[in-house]
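Open the model in your viewer and keep the selection panel at hand. This tour goes stop by stop, saying what to select and what is there.

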2 protein chains.
Amino acid sequence: MSRLAFDAHDHHSCIADTLDAAEARCAKSGLQFTPVRRRALEILATEHRAMGAYDLLDHLRAEGLGSQPPVAYRALDFLVKHGFAHKIERLNAFVACSHPDTDHSPAFLICRHCDAVAEIRARDARGLLTDSASKAGFTVDRAVIEAEGTCPNCQDGTEVQAPA
Amino acid sequence: MSRLAFDAHDHHSCIADTLDAAEARCAKSGLQFTPVRRRALEILATEHRAMGAYDLLDHLRAEGLGSQPPVAYRALDFLVKHGFAHKIERLNAFVACSHPDTDHSPAFLICRHCDAVAEIRARDARGLLTDSASKAGFTVDRAVIEAEGTCPNCQDGTEVQAPA
DNA sequence: CTTGATATGTTATATTATCTCATCTATCAA
DNA sequence: TTGATAGATGAGATAATATAACATATCAAG
């Protein structure tokens, strides 16, 4: 398994939780959790990193789940729209949501060395942003908060390089 | 003049200030403020909105300052690298910096209705982000902070639509 | 003058994202 | 059961954004 989020964790149950939560919420909200959508989320959760739409498409294509870009983009649109995945604007890439069960204002830590992406909660930072925006008369619908830097695993001299 | 930042202001001196500041800092730091770079910044400052690289290229091309994408991207790389302009990741677009004289951690307010983009200072929000990142052992080099929403001029019923 | 560093010109191509139109499927009302 | 509707998928084409690669030019330092 390559490029986990920063901390070691039980990745099997992490994937299962993500899918279960999505399944449950789709059932509850009358959303169609179709095979492509389900598999797209499963791939994102399994890879546990930011994937480009075409990366995802490669996986889907290999499994006969669609071969053209719109297939991937539609699945991603669905996942992002309903909060099962997020888009990392800085990377033009997508990650499975780490907190699928809750309403949340996500922020991301992007490691420049190993490409790992971790999702953190940004409630306070978003609050400040919303406050200073509202002083300017601006209403915030969505906040993109992404930090680029160095993750704990790459702090040491022996920095992990992204695979070729 | 279309799509200013939210507040009315003396746009002439705003452009002049931007160019003067850039010129001064280039002189001081031994950077080459070449015609393409200067004109690129002037265009960004004049338009006073987020422009795509190809938008900028159209302007440059019309003036005989280069006709191929790398010309625009190189100029933008230079401007962004030295803080004279910023990239809005959410839009894959670029704006002239509004605070060229100071070191700053910028955040952006992006209006969904009229496409105006305002730059605000994000020192506090960035601070919070850096704090919570460092608790995770993550070192922040750069923070992308962009809010999407509705600007004061578009709050009223008669919302300004982006030009066709 | 020549060397090295930086900048520009140009062609081609890579990467990311959307449009369009046809078809299919699920749901629901009549 | 049928038909209507909305949502989802398939497939081809193309748009929009960004970079690679290589040649040439410019300029300051030695």
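Begin with A:Cys151. This is a predicted model, and A:Cys151 sits in the segment after strand E5 (139-150) of chain A.

**Stop 1: the cysteines**

Is A:Cys151 buried or exposed? Its relative accessibility is 0%, so A:Cys151 counts as buried. Now show its surroundings.

A:Cys154 is buried, at a relative accessible area of 0%.

**Stop 2: helix H5 of chain A**

Select residues 123-135 of chain A. That is helix H5, with 13 residues. At 1.5 Å a residue the helix should span 18 Å, and its end C-alpha atoms are 18 Å apart, which agrees.

Colour A:Ala125, A:Leu129 and A:Ala133. These residues of H5(A) are buried. Look down the helix axis: the buried residues fall within an arc of 70°, so they line one face of H5(A).

What does that buried side pack against? In chain A, the partner is E5. In chain B, the partners are strand E3 (106-111), strand E4 (117-121), helix H5 (123-135) and strand E5 (139-150).

The face away from the buried side carries A:Arg123 and A:Lys135, which are exposed. Then step past the end of the helix to A:Gly137. This glycine follows H5(A) and has a positive phi, near 80°.

**Stop 3: where the chains meet**

Show chain A and chain B in two colours. How many residues of chain A are in contact with chain B? The count is 34, and they meet 34 residues of chain B. The size of an interface is often given as the accessible area lost when the parts come together. Here chain A and chain B bury about 2700 Å² between them. Carbon and sulfur atoms account for 58% of that area.

Pick out A:Leu129, A:Phe138 and A:Arg142. These three supply 21% of the area that chain A buries against chain B, more than any other three residues. A:Leu129 is also one of the buried residues of H5(A) seen at the previous stop.

**Stop 4: salt bridges across the interface**

The interface of chain A and chain B holds 6 salt bridges. Over all chains, the whole structure has 26.

Zoom to B:Asp141 and A:Arg112. They form a salt bridge, with the closest N and O atoms 2.9 Å apart. The pair crosses between chains: B:Asp141 is in strand E5 of chain B, and A:Arg112 is in the loop between strand E3 (106-111) and strand E4 (117-121) of chain A. B:Asp141 is partly exposed, at a relative accessible area of 38%. A:Arg112 is partly exposed as well, at 42%.

Next, select B:Glu148 and B:Arg90. Their side chains meet in a salt bridge at 2.5 Å, N to O. B:Glu148 lies in strand E5 of chain B and B:Arg90 in the loop between strand E1 (85-88) and strand E2 (93-96) of chain B, so the pair ties together parts 58 residues apart in sequence. B:Glu148 is buried, with a relative accessible area of 8%. B:Arg90 counts as partly exposed, at 27% relative accessibility.

**Stop 5: two last selections**

Go to A:Glu47 and A:Arg49. Their side chains form a salt bridge, 2.9 Å from N to O. Both A:Glu47 and A:Arg49 are buried.

Finish on B:Asp131, in helix H5 of chain B. B:Asp131 counts as partly exposed, at 44% relative accessibility.

Technical notes. Residues are numbered from 1 along each chain as its sequence is written. Chains are lettered from A and ligands numbered from 1 in the order in which they are written. Side-chain values use heavy atoms; hydrogens and water are left out. Helices (H or I, at least four residues) and strands (E, at least two) are DSSP runs, numbered from the N terminus. Buried means under 20% relative accessible area, exposed over 50%, partly exposed in between (1.4 Å probe, protein chains only). The expected span of a helix is 1.5 Å times one less than its number of residues. The arc is that of the directions from the helix axis to the C-beta atoms. Contact means heavy atoms within 4.5 Å. Buried area is the accessible area (1.4 Å probe) that two parts lose on being put together, summed over both. A salt bridge is a side-chain nitrogen of Lys or Arg within 4 Å of a carboxyl oxygen of Asp or Glu.
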